[in-house]
Amino acid sequence: EATLPVEADPDLLAQALINLGRNAAQAVSTRDDGAVWLTIRREGAATLIEIADNGPGVPDALQRDVFLPFFTTRAEGTGVGLNLVLQIAIAHGGSVGVGAGM
């Protein structure tokens with residue numbers, strides 16, 4: 001659609017998208033063909049925002065942990081970025097997940 005209305009705090013939504021985009025970019029940073037996609041679409045009454053990449057993915061055993069505060073697999077990571085995304089999504093009545101085809 002040409003326009004998709006989203007009722008959200010613009011600064012918080014921007015911060016969530018920055019964190020997700022940064023995470024995706026880091027996931028593909030070692031690939032020559034690394035790519036990140038942003039998709040926004042309506043599904044019923046909901047607006048879905050998806051950031052996808054062609055990185056290695058998150059192992060199944062860690063998919064529940066990545067949104068925990070201070071959880072990180074990176075030596076330089078703080079573990080606050082994805083938890084902040086989760087808190088922003090919840091504050092807006094939404095949700096966030098990880099996995100193939102989310």
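The legends below describe views of one predicted protein model.

Residues are numbered from 1 along each chain as its sequence is written. In this predicted model, local features need pLDDT of at least 70 and side-chain atom pairs count only at pLDDT 80 or more, while totals for chains, interfaces and linings use all residues, and side-chain values use heavy atoms, with hydrogens and water left out.

**View 1. The fold of the protein.** The secondary structure comes to two helices and two strands, where helices (H or I, at least four residues) and strands (E, at least two) are DSSP runs numbered from the N terminus. Read along the sequence, these elements follow the pattern α-β-β-α, and the C-alpha trace spans about 40 × 30 × 25 Å along its principal axes.

**View 2. The setting of Asn83.** Asn83 has its place in helix 2, which covers residues 81–91. Asn83 counts as buried because its relative accessibility is 15%, and buried means under 20% relative accessible area with a 1.4 Å probe and protein chains only. Of the 102 residues of the protein, 13% count as buried.

**View 3. The surroundings of Asn83.** Once neighbours within four places in sequence are left aside, Asn83 is in contact (heavy atoms within 4.5 Å) with Phe67, Leu68 and Pro69. The side chain of Asn83 also reaches the backbone oxygen of Phe67, at 2.8 Å.

**View 4. Contacts across the chain.** Among contacts between residues at least 6 apart in sequence, 47% join residues at least 24 apart.

Technical notes
Buried < 20%, exposed > 50% of the residue type's maximum accessible area, 1.4 Å probe, protein only. Polar contact = N/O pair within 3.5 Å; in protein donor to acceptor, adjacent residues only side chain to side chain.
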